[in-house]
Amino acid sequence: MWQWLYKLGSPKWFYTMTGQLMPWLAAITGILLGVGLVWGLAFTPPDYQMGENYRIAYIHVPSASIAMGCYYMMACMAAAFLIWRIKMADMVAKACAPVGMTFTAVALFSGSVWGIPTWGTWWIWDARLTSTLIMLFLFVGVMVLRSAYDSEEAGARATSVLSLVGVVNIPIISYSVVWWNTLHQGASSLSLSNTAANPPEIWVPAIFVGFGLLGFYLIAIILRTRNEILIRERRTEWVNEVLNKIRGNS
């Protein structure tokens, strides 16, 4: 296991390994998303409480969960970079910021769409919504802060510190509906811990969509990290060989 983790710190090994993994991951992700979205959006019966409006949760719930998971990953990579100076960790952390920002924006937008008919308003300064909006600002702040530095090393250190400071917001998002009396509902009817609230034909498609979006998230992280590897390692011989091969195939 430790040898495998050590290899992950090698840009060349990461690039080669993920290149072999990508076709399989893309195929599995496409199947999961295709089956889950068609099943969930077209063939599941209306929810006994929310009617047709609950279908937005097939996108909203996994997007919000993945966004928080992405921030945790970014913070872990930031810690690895600060402690052990692993440059691959910083590359992954850099890739996480725009991907996490996108998933957070999707979660906020889909939640607002769900909230219009449910709450009668598209936005309220609820604890869950506000803390999620702060997470969006943190992702954006990490990206802006990194771009403010001419030195890659200095930008990496600054954004790593910000990422670690901001991680305190993630438990607040998770437990805000428990700690405070919020308008946002508690455990979703589509969560694995609450499957008894609906029949399998409602929550099983959610599993397909959830794992499909997780696969899409991993693909986005891998692609952005691979691109970052090519940029930072562009002076190495093996990257020149890869680029020449790409040019030859185009």
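Me: What share of the contacts in the chain with a separation of 6 or more comes from residues 24 or more positions apart?

Reply: Contact means heavy atoms within 4.5 Å. Among contacts in the chain with a separation of 6 or more, 75% join residues 24 or more positions apart. The model is predicted: local features need pLDDT of at least 70 and side-chain atom pairs count only at pLDDT 80 or more, whereas totals for chains, interfaces and linings use all residues. Residues are numbered from 1 along each chain as its sequence is written, and side-chain values use heavy atoms, with hydrogens and water left out.

Me: How many helices and strands are there in the chain?

Reply: Helices (H or I, at least four residues) and strands (E, at least two) are DSSP runs, numbered from the N terminus. The chain has nine helices and zero strands, and its elements read α-α-α-α-α-α-α-α-α from the N terminus on.

Me: At what angle do the axes of helix H2 and helix H9 cross?

Reply: Axes are lines fitted to C-alpha atoms, for helices over the stretch in contact, and angles run from 0 to 180 degrees between N-to-C directions. Angles under 35 degrees count as roughly parallel, over 145 as roughly antiparallel, 65 to 115 as roughly perpendicular and the rest as oblique. Here the axes of H2 (residues 11-43) and H9 (residues 237-249) cross at roughly 30 degrees and come within 11 Å. H2 and H9 are therefore roughly parallel to each other. Pro11, Lys12 and Tyr15 of H2 make the contact with Trp238, Val242 and Ile246 of H9.

Me: Is Thr132 buried or exposed?

Reply: Buried means under 20% relative accessible area, exposed over 50%, and partly exposed in between (1.4 Å probe, protein chains only). Thr132, in helix H5 (residues 127-147), counts as buried because its relative accessibility is 11%. Not counting residues up to four places away in sequence, Thr132 touches Thr104, Leu108 and Ile173. Across the chain, buried residues make up 43% of the 250 residues.

Me: Which residues is Trp179 in contact with, leaving aside neighbours within four places in sequence?

Reply: Trp179 is in contact with Pro171 and Ile172, its neighbours within four places in sequence being left aside. Trp179 belongs to helix H7 (residues 169-179) and is partly exposed, with a relative accessible area of 49%.

Me: Where does Arg85 lie?

Reply: Arg85 lies in the loop between helix H3 (57-84) and helix H4 (87-119). Its phi is near 55 degrees, a positive value in a residue other than glycine. With 45% relative accessibility, Arg85 counts as partly exposed.

Me: How many disulfides does the count come to?

Reply: A disulfide is a pair of cysteine sulfur atoms within 2.5 Å. The count comes to zero disulfides. For Cys70, the nearest cysteine sulfur is that of Cys96, 4.3 Å away. Cys70 counts as buried, at 0% relative accessibility. Cys76 is in no disulfide either, the sulfur of Cys96 being the nearest cysteine sulfur at 9.5 Å.
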